[in-house]
Amino acid sequence: MRALTDPASIDLRHMVPHRVPSGLPVWDQEITGSRSGRPLTGSSGLPEYSQRRLARVGRMRREELFSRSGFYGFLLESNVLLHREAARVALDAFRPVVLAQGSKPVSVLDLACGGWPVTIAEVMAAFPHVEFQYTGIDINPDQVALAANRFPFPENVVGCRIVEGNAWDLSALDVDDRYSIAFSGMNLHHGTPREVWFLGNQLKGRIQPGGLFFSHDVYRPDSEPYRPRPETIDGESTRLVEPDRLASAGAPTLHIEQDRGVAEPAWRIDYVQRMYRTLLARGADPAGAESTASHMRSRDYPLSTGEFCNIMESHGFIVHVRRYDASPEPLGPFVASCALTRPARAINP
Ligand SMILES: C[S@@+](CC[C@H](N)C(=O)[O-])C[C@H]1O[C@@H](n2cnc3c(N)ncnc32)[C@H](O)[C@@H]1O
């Protein structure tokens, strides 16, 4: 365990892509701590309370795709999930929030940040005269170590904390109360509608009035019924939030048309096949393409953008969706970016 959580004892260099979508060189120089002298910390060694919670919910704590020897770096480098497009859209969404902060540092909370938070890093780098305070959360200790010790955050990130824990239940974590911006890249598609409701319920209290929640994620086609996530995968619970936590927060049962058929729906087959073929066409190691497809088959049960909007609007967010159906990228029809504004004043329904 120590070997994985103690950044000093591991060398993750072999799994980091040479360039991230931003074009930032990743390994051009040895990075120890911080290039800019800012505090750069990773927190592992979770409080006992969080440990207990993590032990109960299903989690992708040791998911192969995101582990030390995993393949996610290739997905970023080959842009199959449209990280570059998302960064461009996020830049426009961030601008008014960043400008409204004046000379104050902009606080950013990155949910399920991963070891290479490339999208958010690219957006922060695009405001070189603005200071950012960045807090990333990830459940996988390998990713925490990578982000905390190796990832080259831009110089204007003046404070950087990477917290190990479950980003779906923030109350168990040591994270500040209010952020200017919350960001989530490629993780919401693992949540059930009630869990997404639960996350939105927490975020509305953690984002400053006038602030932003930006999500870049996988969504299923609006015309297809929701495929419920299995309760267990390989004998492990898939829960991201404990049922008693959902109940005590008042998470409603959402009335969404469901597909409970035995056969795999055509859209899911198409989604996985597009990824698999695109990865191979872009020079992926076949074993890596297979591990990605296998993760998607077992873990991805996305909402539609319409459902996501309804849930988040019920929390008072104003949602703007940017779809990529017209993109030449093969996965475009399954990816969208959503900019969710928390109005400066509450809107009366
Ligand atoms: C697909 S990667 C996304 C990384 C990055 N946010 C991006 O946009 O590319 C998903 C990340 O979510 C993390 N993760 C999965 N479940 C999580 C949870 N419940 N809480 C926090 N992180 C989680 C994984 O460890 C992995 O690093």
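**A predicted chain and its ligand shell**

Asn79 counts as partly exposed, because 17 C-beta neighbours fall inside 10 Å; the label covers counts between the two limits, with a residue buried at 20 or more other C-beta atoms within 10 Å of its own and exposed at 12 or fewer, all C-beta atoms being placed from the backbone. The model is a predicted one, so to speak of local features a pLDDT of at least 70 is needed, side-chain atom pairs count only at pLDDT 80 or more, and totals for chains, interfaces and linings use all residues. Numbering runs from 1 along each chain as its sequence is written.

Asn79 sits in the loop between helix 3 (72–77) and helix 4, and its phi is positive, about 60°, although Asn79 is not a glycine. Met186 also has a positive phi, near 60°, and is likewise a residue other than glycine. Most residues other than glycine have a negative phi. Met186 lies in the loop between strand 5 and helix 7, and counts as buried because it has 22 C-beta neighbours inside 10 Å.

On the overall picture, the chain holds 11 helices and 10 strands, taken as DSSP runs (H or I, at least four residues, for helices; E, at least two, for strands) and numbered from the N terminus. Of its 349 residues, 43% are buried. Contacts (C-beta atoms, placed from the backbone, within 7 Å) reach well along the sequence: among those between residues at least 6 apart, 82% join residues at least 24 apart.

As for confidence, pLDDT is the predictor's own score for each residue, from 0 to 100. Its mean over the chain is 84, and 79% of the residues reach 70 or more. Residues 1–54 are below 50, although this stretch has 100 contacts in the model beyond near neighbours in sequence. Where pLDDT is low, the predicted coordinates should not be read in detail.

Turning to the ligand, 21 residues surround it, the closest being Ala112, Gly114, Asn140, Ala167 and Gly185; a residue is near if its C-beta atom, placed from the backbone, lies within 6 Å. This shell splits into 12 nonpolar, 7 polar and 2 charged residues. Here Ala, Val, Leu, Ile, Met, Phe, Trp, Tyr, Cys and Pro are nonpolar, Asp, Glu, Lys and Arg charged, and the others, Gly among them, polar.

The largest nonpolar core has 80 residues, and Val108, Ile181, Ala182 and Leu212 touch the most other members. Such a core is a set of buried Ala, Val, Leu, Ile, Met, Phe, Trp, Tyr and Cys residues joined through C-beta atoms within 7 Å. Helix 4 (residues 83–100) gives the most to this core, with 8 residues. Leaving aside residues up to four places away in sequence, Ile181 touches Phe94, Val97, Val106, Val108, Gly211, Leu212 and Phe214.

Helix 7 (residues 193–206) has 14 residues and should span 20 Å at 1.5 Å a residue, which agrees with the 20 Å between its end C-alpha atoms; the expected span is 1.5 Å times one less than the number of residues. Its buried residues include Pro193, Phe198 and Leu203, and their cover includes strand 5 (179–185), strand 6 (207–218), helix 8 (243–249) and helix 11 (305–314). Trp197, also in helix 7, is buried because 23 C-beta neighbours lie inside 10 Å. Trp197 and Met312 are 115 residues apart in sequence, yet 7.1 Å apart in space, C-alpha to C-alpha.

Definitions and conventions:
Contact = placed C-beta atoms within 7 Å.
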